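This report describes selected local features of the structure shown below.

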Amino acid sequence: MTYTSSAAAGTATDEIWWRQATVYQIYPRSFADANGDGIGDLRGITDRVPYLASLGIDAVWLSPFYPSALADGGYDVDVYRDVDSRLGTLDDFDAMITVLHDASIRVIVDIVPNHTSDRHAWFREALASPKGSSARDRYVFRDGTGTNGTEPPADWESAFGGPAWTAVGDGQWYFHHFAVEQPDLNWANREVRDDFLRTLRFWSDRGVDGFRIDVAHGLAKELGPASAVLPDAATLEAMPKDGSHPLWDRDDVHAIYAEWRQVFNEYTPARTAVAEAWVAADRRARYASAEGLGQAFNFDLLEADFHAGSFRSIIQSNLELAEQSGSSTTWVLSNHDVVRHATRYGLPVRSSRDQRQGGAWLLAGGALDAVDQELGLRRATAATMLELALPGSAYLYQGEELGLQEVGDIPDAERQDPAFFRNRGVDIGRDGSRVPLPWKREGSSLGFGPGGSHLPQPGWFGESSVEAEDADPDSTLNLYRRALDLRRQLQADEHLDWLNTGRDDVLAFRRPNGWTSVTLFSDAPYDLPAGELLLATAPVTDGALMGVGTVWLRM
Ligand code: GLC
Ligand code: CA
């Protein structure tokens, strides 16, 4: 069963639909719950397609919905070619994709190739098989050090805190970049490579339009033979990330994606992919090349403070990099891994979050008490409207269209994120951006479903619900709808010209067809240039933008 778009099958526009798409990220467990077990599911998504269509998005990206013990929110996959029974069945998936496609919404699914879960058949087989077996070769096993291998092969720390090596009891240890339950695969193994090609075809055959590739820069590793002495954590940390690092962003990773590209190109239109690769900007182009995945996330704006100068240089450099790669650039302000941008921009001091690898993952509990939510939201909508006026694809995260704030007061006992459990006291983890969406002002789980909610929803959520905002013409939701509608109409060449604003707290640019975006980063009023006012996130009085905000004009 191969899906061909009903609207414009096989046309040129079909092949490049992704270049300036608006992609809405769904975190399935927290989007909508059709059967009332407190966990969002695929039928819940299908039921909400009218809502998704009302937003004016081009595609949805679904975070993992595969069978999983949820040691890392589903990024610990037990089976790659199935649906978690709590979320539905493959039939539910087919029904969902049909309804989405009928609404002209494309579907991107998440592929998690760096690691499986520890419940994957391969890992169970590896544990049951001896040292040196082909079953162990699918993962990264090494002998321990010390007497009888009771010490780890190296003192490396995992991304969620705690050791990156775990013993299996016979003198060997396996490597995991992330949680203990996420053993890393060995991508030098041909069977591993072939199995993922099968997975890509499996979902492509079911009509999936594209893939988001988790930890795309981590697959290729060079750790030498089991007997090799591994570098210690400090040495590893100091190694350059220029293609020679043993664990990250190695040049040989691109041979894997060249094979994937051949699979993508077996389909019409060709399947697309976007790399989640936290690499230096100048190393992004290879992931984004037409011979590779085709596009790569650019997290620079997500990591930046709300500051005109930083925004401008990030935009400029990413447009140049995109031109070099031949791809279009991508913009992201929020996702399931970071503190929501309406909250981030209201944090008093930048030092309250840590910019370590993986972006703004760390947020100490107390920091949320000091957030200026009103300022955070004003800045967030200004930044989003600026983002939506830029050339390239925009990736939105569920709930940002409601202006949702991060939920800070989830009781410890109800938290789920391994980043919380492994860093207790330092990092409250990512659950605060994954609380089930409020659809209604009141009622069971605020309309998320007929039952409860797998993470507690705060009291104030109802006022930010879809129901409440739908009814309010000035809500964030209706602002997003107007903006996405205009974006579709005004979308032009992937090019912009900066306008001279005479102020260092104002950024303005003009797209080739006259679509102009002006962002004021402070509350000192700014006289707008003449033009037809299309949209404003802050009051405009006598031709002046009165405070932090973005205005779109036609000039
Ligand atoms: C990516 C995902 C994140 C997950 C990690 C490990 O960064 O976005 O949610 O924890 O990979 O799979
Ligand atoms: Ca459910």
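## A loop residue

L368 is located in the loop that joins β12 (362-363) to α14; helices (H or I, at least four residues) and strands (E, at least two) are DSSP runs, numbered from the N terminus. L368 counts as buried because its relative accessibility is 13%, where buried means under 20% relative accessible area, exposed over 50% and partly exposed in between (1.4 Å probe, protein chains only). The C-alpha atoms of L368 and V407 are 8.6 Å apart, although 39 residues separate the two along the chain.

## Basis of the values

This is a predicted model, in which local features need pLDDT of at least 70 and side-chain atom pairs count only at pLDDT 80 or more, while totals for chains, interfaces and linings use all residues. Residues are numbered from 1 along each chain as its sequence is written, chains are lettered from A and ligands numbered from 1 in the order in which they are written, and side-chain values use heavy atoms, with hydrogens and water left out.

## Helix α12

Helix α12 (residues 308-325) comprises 18 residues, and its first and last C-alpha atoms are 26 Å apart, close to the expected 26 Å at 1.5 Å a residue; the expected span is 1.5 Å times one less than the number of residues. Its buried residues are A308, F311, I314, I315, N318, L319, L321, A322 and S325. Viewed down the axis of α12, these fall within an arc of 170 degrees, so they line one face of the helix; the arc is that of the directions from the helix axis to the C-beta atoms.

The face turned away from the buried side of α12 carries the exposed residues E323 and Q324. Packing partners of the buried residues of α12 include α10 (284-288), α14 (373-389) and β15 (506-510), with contact meaning heavy atoms within 4.5 Å. Just after α12, G326 adopts a positive phi of about 85 degrees.

## Helix α7

N189 caps the N-terminal end of α7, with a side-chain oxygen 2.8 Å from the backbone nitrogen of E191. Among the buried residues of α7 are F196, L197, L200 and W203. Just after α7, G207 has a positive phi of about 105 degrees.

D37 is partly exposed at 38% relative accessibility, whereas I39 is buried at 16%.

Definitions and conventions
Polar contact = N/O pair within 3.5 Å; in protein donor to acceptor, adjacent residues only side chain to side chain.
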